[in-house]
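User: I'm new to reading protein models. Could you walk me through a close look at one part of this one?

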Amino acid sequence: MSTSPHGRDLRKGRWSLSGQVYLLTVVTVDRAPRFAEWTVARQAVRAFHSPPVAAQVTTLAFVVMPDHVHWLAQLNHGGTVSEAVRLYKATVSVALGGGAWQRGFHDRALRRQDDVRAVARYIVANPLRAGLVRDIGDYPHWDAVWL
């Protein structure tokens, strides 16, 4: 029996289109706060810009939360969403010396009418909504290309 009974549902209808912008969410195993420690969170931040990941997608915005990551990425020509996430997870896991991630991930392709910058603001404001900081400038584990 699968430990993730709905994992298959996450893959239904998943497709990869060059140039498409995706909102991705990746969660740690058992929602453990693996990234609460500064050095561990920085490993997750650096992985967004690793050459294998950057070959698949252009990272537009991200936030590394203690137990999950939100990532706004535009798919490069020849890249796939699944491969980008697989490479990101693998890069972080190798840096940490072991698996950190729950199986699967959530993805949503943004529609043409979606305001990409508004989605980026929503992503980077996650620490505020979670009550981790009072000012986003006080949270170090995020970035957006527009800043």
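Analyst: Val-145 is partly exposed, with a relative accessible area of 46%; buried means under 20%, exposed over 50%, and partly exposed in between, using a 1.4 Å probe and protein chains only. Keep in mind that this is a predicted model, where local features need pLDDT of at least 70, side-chain atom pairs count only at pLDDT 80 or more, and totals for chains, interfaces and linings use all residues. Residues are numbered from 1 along each chain as its sequence is written, and side-chain values use heavy atoms, leaving out hydrogens and water.

Where does Val-145 lie? You will find Val-145 in the segment after strand S5 (142-144); strands are DSSP runs of E with at least two residues, helices are runs of H or I with at least four, and both are numbered from the N terminus. Together with Trp-146 and Leu-147, Val-145 makes a nonpolar surface patch of about 320 Å². Areas come from the Shrake-Rupley method with a 1.4 Å probe; for residues, only the protein chains shown count as cover.

Now zoom out to the whole chain. The chain exposes about 8300 Å², and carbon and sulfur atoms supply 54% of that area. Buried residues make up 43% of its 147 residues. The chain has six helices and five strands.

Key:
Patches are made of residues with over 30% relative accessible area and no salt bridge: like charges are joined within 9 Å, nonpolar side chains (Val, Leu, Ile, Met, Phe, Trp, Tyr) within 5 Å. A salt bridge is a side-chain nitrogen of Lys or Arg within 4 Å of a carboxyl oxygen of Asp or Glu.
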